[in-house]
Amino acid sequence: MRNMTETELTDVVLERYASTPDARLKMILHALIRHLHAFASEVRLTEDEWLAGIQFLTRTGQICDDKRQEMILLSDNLGLSALVNMVSAGVPEGATESTVIGPFYVPDSPQREWGESVLLREGDDPTLVIRGHVRGPDGEPVPDATIEIWQTDANGQYDIQDASQPENNLRGWYRARPDGAFLLKTIRPTSYPIPTDGTVGELLRATNRHPFRPAHVHAIVSAPGYRKLVTHLFDAEDTWLDSDVVFAVKSSLIRKFERNESADDAARWQVRAPFWELHNDFVLSRNG
Ligand code: BEZ
Ligand code: FE
């Protein structure tokens, strides 16, 4: 086919992908082609603009390495990660909601014992005690659950962004007891700006957007027979909750960290008073 109109071009391209054997792949590619073509037609995209777009995406990929994930950051900033989370989450009533994983998750963080702190910097004391149970949809304790957490240090940076922090500072995983109970220690999280020294920073500046995320602790909770939960615990007192740069706040994930001045409680949890505490259960949905 030659001398095609815009619509004919889209149809011809779709036809060329029509024999894709994997039905799901074919469906995704067809929708992608239709939407990309409609987008370029709608904005009357010029060749210079598309070249600038390709160069932007190329530089975004080039920034990525084992510690920096600018592609995830871009997806997060376009709201695409939050949308994918919405359409794929399907959480049953009563289960803890999920949210985006973000670009700072590192697999294989070290195990922490019951009540151990995730702080690794000499002299740093935990100021936040988080305890609760991992439960199933009927309130049943989930045995053998693991709770993996990660968060920034008080300077708003993750260990992998900040050479002054020991590796795995403020990250680690805990095994819940047979009754689902867990006890972990960390610091109260702070709000922080996402990295702005790359292409996503260019995008934020070009669009007059701020780079802040509300304070949160990330958690991944897993157990045999249950769906893996990727979530956050957001600080209820944070000022950025309604304008999270990556659109990932859900009301059900906002928690009030309670200040506790009791010396007895501090001794019980082996922290210094005053400290912050959060009683929080994670409710998993079943597999399948
Ligand atoms: C994070 O919370 O670690 C995060 C999520 C999305 C983009 C940037 C950071
Ligand atoms: Fe984070």
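**Figure 1. Thr152 and the residues around it.** Beyond its neighbours within four places in sequence, Thr152 is in contact with Gln157, Tyr158, Leu170, Ile187, Thr190 and Tyr192. As with every view here, this close-up shows a predicted model. Thr152 sits in the loop that runs between strand 3 (146–150) and strand 4 (171–175). Where does a relative accessible area of 3% place Thr152, buried or exposed? Thr152 is buried, because 3% falls under the 20% cut-off. Two of the contact residues, Tyr158 and Tyr192, turn up again in the next view as donors of the iron ion (ligand 2).

**Figure 2. The site of the iron ion (ligand 2).** Which protein atoms hold the donor places here? They are Tyr158 (OH), Tyr192 (OH), His216 (NE2) and His218 (NE2), at 1.9 to 2.1 Å from the iron ion. Along the sequence, these donor residues follow the spacing Y-x33-Y-x23-H-x1-H. Tyr192 belongs to strand 6 (residues 192–193) and His218 to strand 8 (residues 216–222), so this pair ties together parts that lie 26 residues apart in sequence. Both Tyr192 and His218 are buried.

**Figure 3. Angles at the iron ion (ligand 2).** Staying with the iron ion, this view turns to the geometry of its six donor atoms, whose angles run from 55 to 163°. Ideal angles for six octahedral donors are 90 or 180 degrees.

**Figure 4. Gly180 in its loop.** Gly180 is located in the loop between strand 4 and strand 5 (181–186). With a relative accessible area of 0%, Gly180 is buried. Setting aside residues up to four places away in sequence, Gly180 touches Gly132, His133, Val134, Pro141 and Val142. How far is Gly180 from Arg59 in space? The C-alpha to C-alpha distance is 45 Å, and the two residues are 121 apart in sequence.

Figure 5. The loop between strand 1 (111–112) and strand 2 (128–135) holds Val118. Val118 is buried, with a relative accessible area of 0%. Not counting residues up to four places away in sequence, Val118 touches Arg112, Ile149, Asn168, Asn169, Leu170, Arg171, Gly172, Tyr174, Lys185 and Thr186. Among these partners is Leu170, a residue that is also in contact with Thr152. Val118 and Ile63 are 55 residues apart in sequence, with 29 Å between their C-alpha atoms.

**Figure 6. Backbone details worth a second look.** Most residues other than glycine have a negative phi, and most peptide bonds are trans. Which residues depart from that pattern in this view? Asn168, with phi near 70°, has a positive value in a residue other than glycine. Asn168 lies in the loop between strand 3 and strand 4, and at 17% relative accessibility Asn168 counts as buried. Phe247 also has a positive phi, of about 60°, although Phe247 is not a glycine. The loop between strand 9 (229–235) and strand 10 (254–255) contains Phe247, which is partly exposed at 43% relative accessible area. The peptide bond from Ala273 to Pro274 is cis, with omega near -5°. Pro274 is found in the loop between helix 7 (263–269) and strand 12 (275–279).

**Figure 7. Leu36 in helix 2.** Here the view moves to helix 2 (residues 23–43), where Leu36 is found. Leu36 is partly exposed, with a relative accessible area of 46%. Thr10 is 26 residues from Leu36 in sequence, and the C-alpha atoms of the two are 9.6 Å apart in space.

**Figure 8. Stepping back to the whole protein.** Of the 288 residues, 43% are buried. Of the contacts between residues at least 6 apart in sequence, 69% join residues at least 24 apart. The protein exposes about 15800 Å², and carbon and sulfur atoms supply 53% of that area. The 30 positive and 43 negative charges have mean positions 2 Å apart.

Conventions: Residues numbered from 1 in each chain as written. Chains lettered and ligands numbered in written order. Predicted model: local features only at pLDDT ≥ 70, side-chain atom pairs only at ≥ 80, totals over all residues. Heavy atoms only, no water. Donors = N, O, S within 2.8 Å, 3.2 Å for Na, K, Ca; no water. Tetrahedral: all angles 85-135°; square planar, octahedral: opposite > 155°, others 65-115°. Helix = DSSP H or I, 4+ residues; strand = E, 2+ residues; numbered from the N terminus. Buried < 20%, exposed > 50% of the residue type's maximum accessible area, 1.4 Å probe, protein only. Contact = heavy atoms within 4.5 Å. Areas by Shrake-Rupley, 256 points an atom, 1.4 Å probe, with all protein chains shown as cover. Lys, Arg positive; Asp, Glu negative; His and termini not counted. Charge placed at Lys NZ, Arg CZ, Asp CG, Glu CD.
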